[in-house]
Amino acid sequence: MSGILDISGKYTVAAMPEKDALINVPEKTTAFSAGSTVILSCPTIHDELEKCVRDTGCTYDVHELGKSNHNFPDRLRNQLQAEIDALQDYDRILLSFGICGNAACGLTSSHAELVIPKVDDCVSLLMGGVKPRLECLNGKFGIFLTAGWLRYEENIWDEICRTKQRYSEKRAAKILERMFGEMTYLTVLDTGAYNLADILEKAEKIAETLHLELRVIKGDLSLLTGLLKGSWDADRYAVFPPGITTTSARIMPDYSFRQR
């Protein structure tokens, strides 16, 4: 097995398929002038995008949302559309997002081509696709963490702290159980874009508070790297010419593997 980290035997090692079994995409790189393309990104994957830009030598401009309304898909859609409309100096916009609760559906640009990975959200984006994510969960539910998600102003640790401050210990425990009781795993994604040790202590506290099994699993940034390199295989990316509206039918990842 590959893609697994076992930190001194302290955390459960989750079985993952070999990477080659998950991803078999022919290399297809298209060169574009830096001035014509911009990357529109969510702040929660800042570390990973920065790493991919550095690793690929990409010179595209990066436009990062000041705040992502990821908990409110309709607000996020409006925010994305406003950002797209404002990026008038580019003829190609690479969106490092997933469908994100349909927030990425219904977008259009009159002047630029839109390119978006076929994933449900940024968890799958940082795991190389929806298949490894679902196989990692093994039919159960779980929470995923990176340094970027914990750095974001509205994260699970802040939610836990607010609940404990607002309610009695007994009441807070009941509320957290109602919110997260169906979860089994707390999975830290080691994407190689940040120092893993910086978040493990907080991850341990979250897992202990929510009674979850803490695991550390290697991330996979191939989808994000492919987005930057122009390796837009039709099975993994959706490309929308100017004037064409993004739809869930085009962006939705392939779930056919679940029927095999």
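1. By class, the lining of the largest pocket has 17 nonpolar, 9 polar and 6 charged residues (Ala, Val, Leu, Ile, Met, Phe, Trp, Tyr, Cys and Pro count as nonpolar, Asp, Glu, Lys and Arg as charged, and the others, Gly among them, as polar). This is a predicted model: local features need pLDDT of at least 70 and side-chain atom pairs count only at pLDDT 80 or more, while totals for chains, interfaces and linings use all residues. Residues are numbered from 1 along each chain as its sequence is written, and side-chain values use heavy atoms, with hydrogens and water left out.

2. The lining consists of 32 residues, and His-70, Asn-71, Phe-144, Trp-149 and Glu-154 lie nearest the pocket centre. A pocket here is an open set of points on a 1 Å grid over the protein atoms alone, where a 1.4 Å probe fits, with protein on both sides within 12 Å along at least five of seven lines; lining residues have an atom within 4 Å of a point.

3. S5 gives the largest share of the lining of the largest pocket, 4 residues. Strands (E, at least two residues) and helices (H or I, at least four) are DSSP runs, numbered from the N terminus.

4. Strands S1 (residues 37-41) and S2 (residues 61-64) run parallel and are joined by 4 bridges; pairing requires at least two DSSP bridges. Ile-39 stands opposite Val-62 in S2.

5. Cys-100, in the loop between strand S3 (92-96) and strand S4 (113-117), has a positive phi near 50 degrees without being a glycine. Asn-102, also a non-glycine residue, has a positive phi of about 70 degrees, and its place is in the loop between S3 and S4.
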